[in-house]
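Please keep the sequence and the 3D view at hand while reading.

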Amino acid sequence: MAGILEEIKKRMVFFDGGTGSLLQASGLEPGELPETWNVKHPDIISKLHRDYLEAGADIIKTNTFGANGLKFHKGAEFDLEEVVTAALKNARKAVETASYPAGKEKGYIALDLGPTGKLLKPLGDLDFEDAYKMFSQVVKIGEREGADLVLIETMSDSYEAKAAVLAAKENCSLPVFVTMIFDDKGKLLTGGNVESTVALLEGLGVDALGINCGLGPVQMKGILTDIMKVVSIPVIVNPNAGLPRSEGGKTVYDIDAGEFAAAMKEIAEEGACVIGGCCGTTPEHIEKTVALCKDFPVRLPDKKNRTVISSYAQAVVIDNDPVIIGERINPTGKSKFKQALRDHNLEYILREGVAQQDNGAHVLDVNVGLPEIDEPSMMVEVIVELQSIIDLPLQIDTSNIEAMERAMRVYNGKPLINSVNGKMEVMEAIFPLVKRYGGVVVALALDEDGIPETAEGRITVAKKIYEKAAEYGIEKKDIIIDALCMTVSSDSQGALTTLETLRRVRDELGGRTILGVSNISFGLPQREIINAAFFTMALQNGLSAAIINPNSEAMMRSYYSYRTLAGLDPQCSGYISVYSGQVATLGETVRQGSSSLAGGISGGEMTLAESIAKGLKDRAYGAVTELLREQEPLAIINGEMIPALDRVGKGFENGTVFLPQLLMSAEAAKAAFEVIKEKMAESGVAQEKKGKIILATVKGDIHDIGKNIVKVLLENYSYDVIDLGKDVPPERIVETAVRDDVKLVGLSALMTTTVPSMEETIRQLRDIDPSIKVMVGGAVLTEGYAKTIGADQYCRDAMASVNYAEGIFQTK
């Protein structure tokens with residue numbers, strides 16, 4: 001039997017469909033863990049798999065979606081080893097006993113890894129390496145027991161997906177497939193989009209990627225279109241059977257098997273080559289899909305020659321339109337920055353990052369190398385902290401191999417790496433890291449013989465680096481050649497050599513280039529004059545990315561002017577947005593913040609509102625302390641803090657602010673609130689709470705990411721939140737609501753199998769007190785579904801929950 005990756009090259013390949021909804025029909029109780037049926041009802045699980053295989057599915061997913069150490073630990077009814085081993089045994093039995101349709105060979109078994117239900121640090125409480133270990137446990141058992149591939153599915157957080165991918169690739173030899181859960185706007189829960197997610201997953205070397213759950217096939221078509229524009233590997237699409245609703249206490253979906261198959265034919269025509277189903281789909285859905293699509297010619301995506309890096313939230317393409325890399329997070333020549341590193345003053349570093357983002361940087365260089373500090377530990381800490389408040393991709397800039405590897409491992413996205421060069425020992429140390437973790441690497445055009453004096457010599461080194469990288473499976477698109485910018489004060493021909501190298505890399509090698517532009521003027525007076533002129537010349541000669549100071553008006557004027565004159569700024573819109581209405585001479589500094597949260601720091605100290613909007617906790621603490629000398633606490637809350645949170649919340653709703661930024665803003669507000677509460681306590685004034693709200697993840701569900709996010713925001717808006725945790729029985733929620741006279745309850749559920757618990761909770765609340773309002777949320781829910789289970793309000797995200805609470809308690 002050919003391997004699954006070979007099968008995908010030859011024909012359309014089909015996944016199975018839903019599991020939870022079918023188990024419910026077989027008697028799975030509300031809140032009962034589906035994975036326990038691997039042990040308690042193995043024949044039912046094997047039959048479910050067999051039915052899908054006999055319907056024409058090529059790949060069946062093991063019943064291990066929620067099998068992890070959080071649910072199946074020592075002391076639980078069944079431990080992890082027992083559950084996963086039984087799941088593989090049941091799947092293998094189905095493969096061996098199924099009666100396959102004519103022409104079909106034996107099916108493949110996908111070890112199914114679902115999300116942990118936890119948000120990873122620094123936003124949540126689960127450490128990246130702990131998540132990695134949890135996934136690794138399942139992977140090791142799965143390969144040992146005969147899985148044919150690993151399917152990491154329903155991932156709403158790119159960081160958790162990275163932990164799972166590394167766990168799979170580092171602990172087994174099986175193919176790795178990944179499917180993410182996007183909302184109808186093409187966004188992940190944590191803010192990632194299609195382009196940033198594809199960049200991350202392809203960088204990590206997964207074998208196929210795509211989308212599943214959350215949406216039906218019709219709603220997924222737009223997202224698939226976006227994927228096909230940027231992807232270079234096979235694409236998987238496993239939708240729900242349309243949108244869910246509740247009928248008679250059971251979850252049903254609005255697309256029948258025939259409609260589903262017709263929609264999946266359109267999905268195949270769009271370019272997906274591995275298709276199947278998720279929640280609500282049945283063997284009939286798969287059978288009709290196979291019948292309609294099995295003879296459709298497979299169309300693997302074209303290889304995209306895109307040099308792309310990413311953060312958790314956005315991708316930056318390095319091509320003809322020049323990219324600005326902010327150079328300020330680097331101790332070279334910066335005494336204040338060096339002292340900040342020695343003092344472990346991360347707030348100073350974060351503020352440097354924010355300022356550069358506001359002033360137009362697309363990428364931030366991160367260099368924390370000082371002889372007297374622990375560079376690997378500091379690099380990891382700075383990378384994690386920067387990514388918690390800034391959504392730009394980062395350049396990991398270090399010559400310390402340990403620091404480089406540790407930073408690449410924890411980086412959320414596909415980073416830019418600075419740097420490799422033509423020395424054999426350096427390439428052999430760095431290229432394996434680039435291959436393992438993904439990234440685009442800066443390649444200095446020098447080798448064992450030093451820096452070539454001529455452009456021809458530098459081109460020769462560039463070719464050598466390309467060839468060596470290819471031996472590691474690293475494509476030319478993931479190499480950026482540094483043409484080497486030498487100071488013109490010591491070599492009058494240095495600039496001309498650099499410019500010729502840029503031009504030849506572009507025209508002869510078809511490559512991308514980068515320069516640390518300010519090196520050109522070292523030792524000269526009024527360096528910005530030389531820097532800006534050389535920057536413009538370099539851009540004209542093909543410079544792809546420039547490491548510069550984006551806080552320098554002279555440099556940014558060159559950038560905006562070049563883009564306008566080179567036809568890269570349609571209708572001059574970028575230039576106009578920055579300089580329209582400004583009156584200044586060339587000697588003056590005029591800046592306009594470009595981030596979605598207006599209010600930079602280059603003009604002085606941040607206000608409290610700005611500190612909260614940017615998520616800077618230490619600065620918020622200092623700012624509120626200063627304000628309390630002049631203003632009353634309530635005036636600060638109403639005049640600075642709530643407006644800032646509202647502004648961030650609106651940005652989140654509009655898609656210009658992402659979940660990490662939202663949570664860090666909430667943390668900054670919390671730090672300020674603590675100072676205010678102390679002041680109010682000293683004066684004998686208590687902070688008035690708007691009202692009590694219960695939050696709970698319903699019985700059988702341990703996924704509490706959404707609930708925890710809602711809690712943080714509600715507390716910042718002065719609500720008294722009673723957090724009952726996860727896997728909470730209806731009776732406990734009702735009892736708490738009655739005892740504490742609570743008038744608003746928020747319920748969360750991720751899985752189809754736990755929505756009946758949510759519906760039962762709502763029913764019991766209605767019986768005891770019909771005036772209690774219930775808001776619900778979770779990936780499996782829709783507005784229509786929420787209504788059919790009796791909820792008063794469906795909240796698609798955390799800010800929607802805040803807005804609903806505001807409406808409820810303002811009317812009382």
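## Terms and basis

Helices (H or I, at least four residues) and strands (E, at least two) are DSSP runs, numbered from the N terminus. The model is a predicted one, in which local features need pLDDT of at least 70 and side-chain atom pairs count only at pLDDT 80 or more, while totals for chains, interfaces and linings use all residues. Residues are numbered from 1 along each chain as its sequence is written, and side-chain values use heavy atoms, with hydrogens and water left out.

On a 1 Å grid over the protein atoms alone, a cavity is a set of points where a 1.4 Å probe fits but cannot get out, whereas a pocket is an open set with protein on both sides within 12 Å along at least five of seven lines; lining residues have an atom within 4 Å of a point. Grid points are joined across faces, edges and corners, and a volume is the space filled by probe spheres set on the points.

The largest cavity has a volume of about 380 Å³. It is lined by 25 residues, and those closest to its centre are Thr-19, Gly-20, Phe-65, Glu-153 and Cys-279. Both α2 (20-25) and β4 (149-155) supply at least two residues of this lining. The second largest cavity, at about 160 Å³, has 15 lining residues, with Pro-122, Leu-123, Tyr-159, Gln-387 and Asn-412 closest to its centre; α14 gives the most to that lining, with four residues.

## The second largest pocket

The second largest pocket has a volume of about 980 Å³, and among its 36 lining residues Glu-327, Asn-330, Thr-332, Ser-518 and Asn-519 lie nearest its centre. Elements that each supply at least two lining residues include β15 (394-397), β19 (512-516) and α19 (527-540), but β16 gives the most, with four.

## The barrel

Eight strands close into a barrel in the order β13-β14-β15-β16-β17-β18-β19-β20, with parallel pairing, where two strands pair if DSSP finds at least two bridges between them. The twist averages 30 degrees from one strand to the next; axes are lines fitted to C-alpha atoms, for helices over the stretch in contact (heavy atoms within 4.5 Å), and angles run from 0 to 180 degrees between N-to-C directions.

Helix α14 (residues 375-389) lies across β14 and β15, running at about 175 degrees to β15.
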